[in-house]
Amino acid sequence: MDYVSSNPNCTASEIVASLANDRRMKNHGLTPRKVGFFIPRYCKEILWNQDTSTGKRVYALS
């Protein structure tokens with residue numbers, strides 16, 4: 001939530017990089033795919049749109 005609020009329009013891989021490097025969660029097995037499944041299920045206030053040029057989901061707070 002903190003990363004998405006300070007960096008709107010971020011991708012799941014950017015969120016994973018922030019968690020792994022900034023919060024030192026390297027050994028937790030986080031992948032962009034796991035984050036992509038977690039956000040719609042547990043973080044209802046984060047909305048996503050599809051980036052037309054890359055085809056990736058881009059996350060932002062509602």
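Where is the place of threonine 11? Threonine 11 sits in the loop between H1 and H2, where helices (H or I, at least four residues) and strands (E, at least two) are DSSP runs numbered from the N terminus.

## Basis of the model

This is a predicted model, in which local features need pLDDT of at least 70 and side-chain atom pairs count only at pLDDT 80 or more, while totals for chains, interfaces and linings use all residues. Residues are numbered from 1 along each chain as its sequence is written, and side-chain values use heavy atoms, with hydrogens and water left out.

Threonine 11 counts as buried because its relative accessibility is 14%; buried means under 20% relative accessible area, exposed over 50%, and partly exposed in between, with a 1.4 Å probe and protein chains only. Its side chain makes a polar contact with the side chain of serine 13 at 3.1 Å. A polar contact is a pair of N or O atoms within 3.5 Å; within protein, one must be able to donate a hydrogen and the other to accept it, and residues adjacent in sequence count only if both atoms are side-chain atoms. Leaving aside residues up to four places away in sequence, threonine 11 touches Lys56, Arg57 and Tyr59, a contact being heavy atoms within 4.5 Å.

Asparagine 9 is placed in the loop between H1 and H2, and asparagine 9 counts as exposed because its relative accessibility is 57%. Most residues other than glycine have a negative phi. Asparagine 9, however, has a positive phi, near 60°.

Serine 18, placed in helix H2, counts as buried because its relative accessibility is 11%. Not counting residues up to four places away in sequence, serine 18 touches Tyr3 and Arg23; serine 18 and tyrosine 3 are 15 residues apart in sequence and 7.6 Å apart in space, C-alpha to C-alpha.

Valine 35 lies in helix H3 and counts as buried because its relative accessibility is 8%. With residues up to four places away in sequence not counted, valine 35 touches Ala12, Ile15 and Val16. For valine 35 and valine 16, the separation is 19 residues in sequence and 7.4 Å in space, C-alpha to C-alpha.

The structure holds one salt bridge, defined as a side-chain nitrogen of Lys or Arg within 4 Å of a carboxyl oxygen of Asp or Glu. In this salt bridge the side chains of aspartate 2 and arginine 23 meet at 3.2 Å, N to O. The pair links distant parts of the chain, with aspartate 2 in helix H1 and arginine 23 in the loop between H2 and H3, 21 residues apart. Both aspartate 2 and arginine 23 are exposed.

Arginine 24 is placed in the loop between H2 and H3 and counts as exposed because its relative accessible area is 69%. Its phi is near 55°, a positive value in a residue other than glycine.

## The largest pocket

How much space lies in the largest pocket? About 320 Å³ lies there, where a volume is the space filled by probe spheres set on grid points joined across faces, edges and corners. On a 1 Å grid over the protein atoms alone, probed at 1.4 Å, a pocket is an open set of points with protein on both sides within 12 Å along at least five of seven lines, and lining residues have an atom within 4 Å of a point. Of the 16 lining residues, the closest to the centre of the largest pocket are Met1, Ile15, Leu19, Val35 and Phe38.

Helix H1 (2–6), helix H2 (12–21) and helix H3 (32–42) each supply at least two residues of this lining, and H3 gives the most, with four residues. By class, the lining has 11 nonpolar, one polar and four charged residues; Ala, Val, Leu, Ile, Met, Phe, Trp, Tyr, Cys and Pro count as nonpolar, Asp, Glu, Lys and Arg as charged, and the others, Gly among them, as polar.
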